[in-house]
Amino acid sequence: MKKLSAMASPESGSSRAANEVRSAKVIVVGAGVSGLAVAKRLSEHGFTDVTILEARDRPGGRTYSKPFGDSYVEFGAQWIHGQEGNAIYNIAKEHNLLDESGYDFKEQFYVFHQLTPAESDVTRVVNAFFNEASERCNQLYTNLSKGNMPEALPISVGHFLRRELLDHLRHNTYSPEQMKIVEACYDWNVRIQHEIHGCSSLTDVSAMLLGLYKECDGDHLVELKNCYRDIVELLLGEIPSNWLQYNKAVKAIGISLANLASSNFLPVRKASSHLKTSFAAVPLGTNRPLITVTCEDGSTYKADHVVVTLPLGCLKALASRLFDPPLPEKKMLAIRSLGYGTVDKVFLRYANPFWKPGEIFHVFWLDGLNHCGNKVDEDDMSSWVTHSQLNTSWFRYIGRFNSIRHHSDVLCAWITGEGAKFMETLSDEDVLNGCHNVLCQVLKNPELAKPWHVDRSTWNADPFSRGSYSYISVACDANGSLPNDLAEPIYESVIHFGTEVTYPAVLFAGEATHQQFYSTVHGAYESGIREADRLADFYAKACSSHEPAYGVVTELEDMFPCKDLAPSNSDNPRVVIVGAGAAGLSAAYKLALKGHTNFVILEAQNTAGGRIHSYHYEDKVLELGAQWVHGEEGNLLYGFAMSNGLLADSRRQSSPEGRGHFCTDQGTRLSKEVVEEVVAVLDKIKEELCGRRARRANTKTTEPLGLDELPTSVGEYMRSRFHQYLVQHGELEDIAKIKWAIYDWYWRFEVIDNSCYSLDELSCKSYEEFEDCPGVRNINFKNGFSSVVKTLLSGIPEANIRYGKPVRRVHWDRVQASTRHTKTPRLSISNSEETIREKVPYVECDDGEIILCRHVLLTVSAGYLKRHVDDLFHPCLPQKKRQALKGIGFGTINKIYLIFAQPFWGPADEGFQLIWLEDKLDPKDWWLRGISGFDPVYGNPNALVAWIGGTASEYMETLSDRLVSDACVRALRMFLSRDIPEPKAVVRSFWNSNPYVLGSYSNRQLPYEASETLLETFYEPLVLDRAAKVEWPLVLFAGEATDKDFYSTVHGAMRSGFREADRLINFWRKRSEIQVK
């Protein structure tokens, strides 16, 4: 066993930490308040090598105090919200930056110049109601955290408030004229809430999580003497000026891990764990991941850590392509789910001010239409979220015009949501006229003089903001994403002085990452402090260890070293391996690794790989066979591929499946909430089949299902349990229809996943016995799955593989190989007693050649074995083994790749799943019902892949490319309800038509239920003499179908190949020991 010695450093933990901090290179992306806070705090902790990359030519981000006349106006953040516990308030107060002499904004807030005194009386009632209802909505989160669930969970703040209003109207009487005021006042309150939350619609804001935001006590509208520029200047003063670089828009952040192959590194073994991404029994300074930040101007920066402080809007637009490797799915889910909207300001400058200081002009729409320009219709929420043509209604999103401190000639119009976004696209003149017309209407003065100048914010159009601030959306209710998930760093695992350390490579700050103060400047500031402290704490803890580490060689290093191999000199091989798929190559690799090179691989096809087939189209790879590595821990393929550098990053370059938009054949999309509810129910049912369901409804413990509890088939159990779920929930007919349609999609997905023809033929043992490897499930390869085949081939003598050599028959029992039928001398085998006892196996090839050997290792697919079981063996297989083979199912799944000139889908689209509600198909297109959906393809932005299973998959193979392409395009047009361009190419698999495969991969069928030992019987070798001290394995069986835990997978195929290679090696060792005795 090799060891690597390391001397303990004489330094103390604290001095080592100080050295590590001083040498650490940190890049901060963004010089907004959070980025400046990060840099300030890092400086306080002793970090000296910090670079801030700011895309703009100014600091501050969304706090932007723009010069205006002889002073400034706030284009971005306006107030300090709260006093107690507010870090920004404390800083401003400490440095005498607060403006405590101005007017009280709140005093004028509920004065409505547009209304008569009687109408204002109505608004007082409505405003009081609205504030009380808002507080009740805010309390939902508190009640939820205490376990007090409401009878009916509200969908959104918009739904909650609208229903509260309808309840208020049922208990209060208003005249028709008063009802106009009620609706207008309610609509005004909604626009104010849009401003507060930064959303386009209150129906986007989560009601259940509204109370997550924490209000700081005290005045919520505190202003600064010289605007937020004072805060920004203060932070800049505490940072070395050479740290900040402007006009540096970042376009890529790449992480490279420590090189496993380097002679300076030796793997450190960790019990019960898979191979880690980076190992070293050396100081942290030499073991950091390398991070490269590339800017739009071509400049690059190297760093040990990167703190990303980009606004959520930028992350939404750029995250999928900004990071290499891509962000983990949990992080991407948070980015997609958290809400982010637009609030803008329009500054109007007048020659002759007509208002008093502190005056506010609120906008009420008294024409019976809401701010969207739609007619109000009871509780129909669509009227509150459906936008009419914005070119005639954008100005209706204005909530108010208010005077500006220090600018007596300026009014500021606040505009939100879709109206704000549209306003940004207009000319200054159009914006000035639109705002002026609204103000004339509010003041009932059509002769009002126009302003002479206009200026405005454009936060949505700003490429470095793409909006204003964040909120918790209804999507967060469904998937549980919260700001903390966005704040979670990207960690890499390293070994530092023998201790596994989670190394924070990429950290995240910004208002959207603060769990309680999102959307605020103090939230942004605190998030920056948090991440700087996180880095300082990391170095303090990582450098506190004094003990050296001793590395040990891992099992994988022992299994897969580089080794010079020479081909066998014997004409007749000791072992004939039938098939050069994953199982056959793995067995040969292991034999060669142990010095046993007297074997030959007979491959019927012209290439190696079997059901691994990476097809190269132009410069892209399309996987026609095996697609991904499934899991990490305990996955031999994962370890092999990682040790040879074949994988894309397993945590951030994995592929989702069965995700994206769930589209119906009516051209609509189902809501995420309904889909996720049904899928969660079906996943739970599947878990029950895996033997983990609770035995009693009133217990939280789980026990495996007993054999007597197992239902007849997977399909029967799933169908009955889902029906039970629908009955228990008393679903309406329309809802039940939708849920059955989602169930149908799930069924198709499982048919494909299990490579079967129907779940009704699938044994429940199939789910109970299969083992998922923990870790990321769908891991991609850098250069295609065939890189595994190439790596295995590199360890096998080239002369030991013969292509285009189909095997017609395996002769194995009491058959003497006649010399006249063979092309090799009989005496070239061996003169041992066992060889001459007429028990020597041989294989007969299609071309007539007979190859004698001592052992045959059969690695053909279960599909081929089932089709040829009667003619492949002479004599026939024993009845027990033939019976076992009946329990092994082998179905067909295929892939259809559609390659387009340009993608018609966006980078954030994760797929288009097909939900059949009406099933109005042209009879000739019946096979489309076998497709589960169309998914994006890793590494090929212009391609979609359709997964298809069962008999539909086999029928698809009989059609021409043109027919398949046309049918797929028709399906996409129908389900997406839009024009879809013709693909420029179609690439697809034909696994059922392949005469040497005859399907895709194995499953466990109903006959499998009959015996607990069926699989062992299936892969048990055919032996020479069971009475002998050491049984001679004449014919051995390998392949994914022979692995009890990992059937249907490449890692199962590889493990089976290693298993049988080990069986032969152990046999030869035991034979040798007996002969020596």
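Strands β34 (residues 893-899) and β37 (residues 940-949) run antiparallel and are joined by 7 bridges, where strands are DSSP runs of E of at least two residues, numbered from the N terminus. Within this pairing, K895 has W947 of β37 as its bridge partner. The model is predicted, with local features needing pLDDT of at least 70 and side-chain atom pairs counting only at pLDDT 80 or more, while totals for chains, interfaces and linings use all residues. Residues are numbered from 1 along each chain as its sequence is written, and side-chain values use heavy atoms, leaving out hydrogens and water.

Both strands belong to an open sheet of 6 strands with mixed pairing, in the order β26-β35-β36-β37-β34-β38, two strands being paired if DSSP finds at least two bridges between them. Its edges are formed by β26 (661-664) and β38 (985-988), each of which pairs on one side only.

Turning to the nonpolar cores, which are sets of buried Ala, Val, Leu, Ile, Met, Phe, Trp, Tyr and Cys residues joined through side-chain atoms within 4.5 Å, with buried meaning under 20% relative accessible area (1.4 Å probe, protein chains only), the largest has 84 residues, and I253 and F323 have the most contacts inside it. Helix α15 (residues 521-542) supplies the largest share of this core, 9 residues; helices are DSSP runs of H or I of at least four residues. Leaving aside neighbours within four places in sequence, I253 is in contact (heavy atoms within 4.5 Å) with residues including V29, I291, V306 and F323. Apart from this core lies another, of 81 residues, among them A580, I851, V869 and V1050.

Note on methods: Buried means under 20% relative accessible area, exposed over 50%, partly exposed in between (1.4 Å probe, protein chains only).
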